Amino acid sequence: MSRNLAPITTRRELSAMLSDATAADAYALDTEFHRERTYYPRLALVQIAWHDQLAIIDPTAVSAAPLAELLAGDGIAVLHAAEQDLEVLGHECGTLPRRIFDTQIGAGFIGHSSPSLAALHDCLLGVELAKEARLSDWFQRPLPDHMLAYAAADVERLLEISDLLQKELSARGRLEWAEEECALLLKRAAAGRSPADAWLRIKEVRRMEGRTQAVAQAVAQWREEHAARRNQPVRHLLSDLGVAVVAQSMPKTLAQLREVRGVEPRNLRKGADRELLAFLKEIREADLAVAPTAKAPKLDPALKPAVNLIASWAAQHAVQADLAPALAATRSDIEALLRGDPDCRTLKGWRADIIAAPVQQLLEGTAAVAFDRQGRLSLEERSGRPIPQGES
């Protein structure tokens with residue numbers, strides 16, 4: 001592979017690279033970014049590999065927006081653990097790849113549990129990736145050679161890894177499963193981060209009820225939108241606890257606001273404190289509706305003891321089937337399935353047969369979970385014959 005590590009810093013160089021890369025059937029893609037002090041990730045580097053070529057783009061010197069031409073093309077973008085990279089690309093380029101293959105997802109369908117890129121290099125290629133630059137400052141300029149080499153290594157053999165995974169997936173009849181999961185990831189990335197759903201990430205708000213919860217949902221949305229406008233992390237504006245307590249106490253003055261638990265006056269600067277008070281005044285008498293998703297179906301208390309057992313069986317069943325347990329079904333997935341949530345992901349696609357159908361047999365009483373002789377959980381036909389219990 002041609003490995004010129006000199007970063008692309010001009011529009012002319014970028015155009016030349018794009019004219020070649022857009023003709024490729026597939027290209028490897030990775031980004032380096034920081035987001036500790038901003039709402040939106042700050043793009044520091046873009047690495048792309050295709051055919052036998054590799055390029056590193058410096059978006060601090062040349063806009064990454066023209067990469068939209070590559071993303072909108074017919075080539076498949078190959079990434080590893082793509083969620084954050086997709087967010088960065090969507091923000092910087094205004095578009096996302098038409099199709100992706102996430103090597104972490106693909107590996108999960110042949111038994112690797114959320115593997116790192118370094119782990120895939122090691123087990124599939126016998127190559128050890130350097131790790132010393134992982135937490136470096138990617139905005140320092142000029143970037144030293146060892147950091148450029150580290151960045152390049154993330155894409156240099158990613159297409160080779162993708163090919164190996166896809167061949168194995170195809171041989172096992174699971175390539176469509178992986179493609180389906182990658183398409184869902186791309187769909188979620190395209191939907192973006194909705195301010196109206198910000199409250200779902202706050203445990204204290206999820207536990208609230210009635211009007212207090214409706215107010216807290218509105219405050220969480222205000223925080224999200226305000227942080228986005230100012231491009232600052234939401235926690236630097238108002239903590240999660242602050243959102244909940246503000247909703248409960250509804251302060252009317254600056255003095256009252258500054259006394260609220262979870263509110264740091266140093267964060268509510270540049271008029272943010274007055275804007276929050278004005279917003280609270282606006283919604284104080286408003287007719288606020290609780291978001292519909294706040295009323296998710298409740299789990300039947302009789303089924304609560306079953307959650308741990310079924311989740312344990314599902315995790316073991318996934319491992320025995322060479323599937324990453326978190327990919328097959330999380331504890332939240334099992335709870336949603338037992339609640340009868342129609343949007344539960346285990347009811348859809350490949351998971352319906354692997355997880356949902358056996359669990360349904362358990363719920364109907366036609367199957368039972370038992371220990372086998374190796375101490376593993378086994379799903380068996382239920383005999384319906386209870387074991388007599390000794391009398392006390």
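**Exercise 1. Determine which residues are linked with Glu181 in a network of salt bridges, and where the pair of glutamate 181 and arginine 351 sits.**

Solution. The network of salt bridges links Glu181, Asp333, Arg345 and Arg351, a salt bridge being a side-chain nitrogen of Lys or Arg within 4 Å of a carboxyl oxygen of Asp or Glu. This is a predicted model, in which local features need pLDDT of at least 70 and side-chain atom pairs count only at pLDDT 80 or more, whereas totals for chains, interfaces and linings use all residues. Residues are numbered from 1 along each chain as its sequence is written, and side-chain values use heavy atoms, with hydrogens and water left out.

Glutamate 181 belongs to helix α8 (residues 175–191) and arginine 351 to helix α17 (residues 351–364), so that the pair links distant parts of the chain, 170 residues apart; helices (H or I, at least four residues) and strands (E, at least two) are DSSP runs, numbered from the N terminus. Both glutamate 181 and arginine 351 are buried, where buried means under 20% relative accessible area, exposed over 50% and partly exposed in between (1.4 Å probe, protein chains only).

**Exercise 2. Describe the salt bridge of arginine 201 with glutamate 224, and the accessibility of each residue.**

Solution. The side chains of arginine 201 and glutamate 224 meet at 3.1 Å, N to O. Arginine 201 is in the loop between α8 and α9 (203–206), while glutamate 224 is in helix α10 (residues 210–230), 23 residues apart. Arginine 201 is partly exposed, its relative accessible area being 44%, whereas glutamate 224, at 1% relative accessibility, counts as buried.

**Exercise 3. Work out with which residues methionine 17 is in contact, leaving aside its neighbours within four places in sequence.**

Solution. With those neighbours set aside, methionine 17 is in contact (heavy atoms within 4.5 Å) with Ile8, Ile48, Trp50, Ala55, Ile57 and Leu67.
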